[in-house]
Amino acid sequence: MPLIEITCSEFKESEGSVTSVTVAPGQLVSRDQVLGSAENDKVSVDIPAPAAGIVREVLTKTADTIGAHTVLFRIETSEDAPPQPATEQKSSTVQTIEPAVAPEPAPAELAEPAQSAWPGSASFRPTHASPSVRRIALEWGADIARVRGSGPHQRVLERDLKDHVRTILARAASAPANASLQPSRTTTAAEARDAATEADSEFGPVEVRPLSLLRKTAARRVTESASTIPHVTQFGAADITELERWRLELNAEANAAQVKLTLLPFILNACAAALRAFPELNASFRGDKLVLKRFVHIGFAVDTPHGLLVPVVRDVDQLSITELARAVRELTQKAVHRKLTTSDLRGGCFTVSSLGSIGGRAFTPIINPPEVAILGVSRHSMEARWDGERFQPRLMLPLSLSYDHRAVDGAAGARFLAHIGELLSDLRRALL
């Protein structure tokens, strides 16, 4: 009976980590039974058995770093349940191989390699790191063999490399002018975190909560965005008195086949029209070039128990308000239940981050690279507005537009935000 190898083909563009393993060698499994799960910076997926059989090998464990071609399990299939073709698998790839008898390893292969406690010794073992981390180390002129990794199996992560370089620079800046350079031990990120936790515990009870891969990736991306992109935030407000009245009327008239309308579909519709009118904001900044996009795909931030996700609604300018509401509802449910696919998170031209259900008057949203702008929406409130004769109660929606000043001038950003405000005040303008 043949063996099949199971990998996680969802991780085509980036590595991920194993979050659970639910089977053991020798266990009988049925087709589509979940063998484990994994996540990367975008999605979380289950890894199903493509056919019924017996688990012969479990080649991974929780917290292992994996790629698209990493073999996770080997299953011996039963004769009455042939494996499914790899093209039919959504979250795993299988490859049929013939059973082979592994040669007996030589005694030298069974021996544990000698390991040295510190880099630089003759017996120091090879460094585990991804090609991207090795490339960064080469560009920075850092010796990756001297970096202590904090990842699985002491794998050197990008943050470890950055901590190593910062430590060397800080040591060089604080050393006396006549001090000789001697090899010294580098404090790892894990040791620094342990020291910080120990210091905090002096003042009272503490809880150490490891960050998920999604949270770590989000932290890294917003840090890079805030530190590398010159953000400018423009504040404004839209009079949505008539829009809100119309929205409530539509919901009251809606039948069971229609979806309940929130403000977000109307905001997406207005943003799509504004992006058509101001193409310099419907763009991506790539090096010294601005890539103008002829399509309008807009992402919207979803607050989930496991972190912030930004699914993308495609061709927003071609969808009706009801179609937008349905797309938003479906993507939100997929985000909450961690069912988003990689394609659900890619291709955005612009992002909307709404905190209206929570509160606040304004905030400064961080741009989602490679996009050049993001719209923040806060909670609407009734305000007194002068109409030329007297004050009138109007429902005002606070808006906060952050844009990349390398690609968008202040005047263009202000006009864009004012245009969105005009559209939300009277959506008939979007038809012009």
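Colleague: In which sense do strand S4 and S5 pair, and over how many bridges?

Modeller: Antiparallel, over 5 bridges, with S4 covering residues 34-39. Pairing here takes at least two bridges between the strands in DSSP. Helices (H or I, at least four residues) and strands (E, at least two) are DSSP runs, numbered from the N terminus.

Colleague: What is the bridge partner of valine 34 in S5?

Modeller: Proline 48. Before going on, the ground rules. This is a predicted model, where local features need pLDDT of at least 70 and side-chain atom pairs count only at pLDDT 80 or more, while totals for chains, interfaces and linings use all residues. Residues are numbered from 1 along each chain as its sequence is written, and side-chain values use heavy atoms, leaving out hydrogens and water.

Colleague: Noted. What is the strand order in the open sheet of 4 strands?

Modeller: S5-S4-S2-S7, with antiparallel pairing. The edges are S5 (44-48) and S7 (65-66), each of which pairs on one side only.

Colleague: What holds strands of a sheet together in pairs?

Modeller: Backbone hydrogen bonds, and the strands can run parallel or antiparallel.

Colleague: Hairpins next. How many residues sit between S11 and S12?

Modeller: There are 2, and glycine 287 in that turn has a positive phi of about 65°. S11 (residues 283-286) and S12 (residues 289-292) run antiparallel, joined by 4 bridges. One of the bridges sets serine 284 against valine 291 in S12.

Colleague: And how many residues lie between the strands in the hairpin of S19 and S20?

Modeller: That one has 4, with glycine 388 at a positive phi near 105°.

Colleague: Where is glutamate 383?

Modeller: In strand S19. Across in S20, its bridge partner is arginine 394.

Colleague: Which side chain does the side chain of glutamate 383 make a polar contact with?

Modeller: Arginine 361, at 2.9 Å. A polar contact is a pair of N or O atoms within 3.5 Å; within protein, one must be able to donate a hydrogen and the other to accept it, and residues adjacent in sequence count only if both atoms are side-chain atoms.

Colleague: What else does glutamate 383 touch?

Modeller: Beyond four places in sequence, the list is Arg361, Gln392, Pro393, Arg394 and Met396. Contact means heavy atoms within 4.5 Å.

Colleague: Switching to histidine 297. Which loop is it in?

Modeller: The one between S12 and strand S13 (298-300).

Colleague: Does histidine 297 count as buried or exposed?

Modeller: Buried, because its relative accessibility is 10%. The scale uses relative accessible area with a 1.4 Å probe and protein chains only: buried is under 20%, exposed is over 50%, and partly exposed is in between.

Colleague: What lies 2.9 Å from a polar atom of the histidine 297 side chain?

Modeller: The backbone nitrogen of aspartate 315. Histidine 297 also touches residues including Val312, Arg314, Gly347 and Phe350. Its C-alpha is 6.7 Å from that of glycine 347, which is 50 residues away along the chain.

Colleague: Now the core. Which residues have the most contacts inside the largest nonpolar core?

Modeller: Ile298, Phe350, Leu375 and Leu424, in a core of 73 residues. Helix H7 (residues 263-277) supplies its largest share, 11 residues. Another core, of 9 residues, lies apart from it and includes Ala129 and Ile136. A nonpolar core is a set of buried Ala, Val, Leu, Ile, Met, Phe, Trp, Tyr and Cys residues joined through side-chain atoms within 4.5 Å.

Colleague: What is leucine 424 in contact with?

Modeller: Leaving aside neighbours within four places in sequence, its contacts include Ile240, Leu243, Phe266, Ile267 and Leu399.

Colleague: And glutamate 422, which helix is that in?

Modeller: H9, residues 410-425. Glutamate 422 counts as partly exposed because its relative accessibility is 40%.

Colleague: Last topic, confidence. What is the mean pLDDT?

Modeller: The mean is 80, and 78% of residues reach 70 or more. pLDDT is the predictor's confidence in each residue, from 0 to 100.

Colleague: Over which residues does pLDDT stay under 50?

Modeller: Residues 81-125 are one such stretch, with 74 contacts beyond four places in sequence in the model. Residues 177-184 are also below 50, with 2 contacts beyond near neighbours in sequence.
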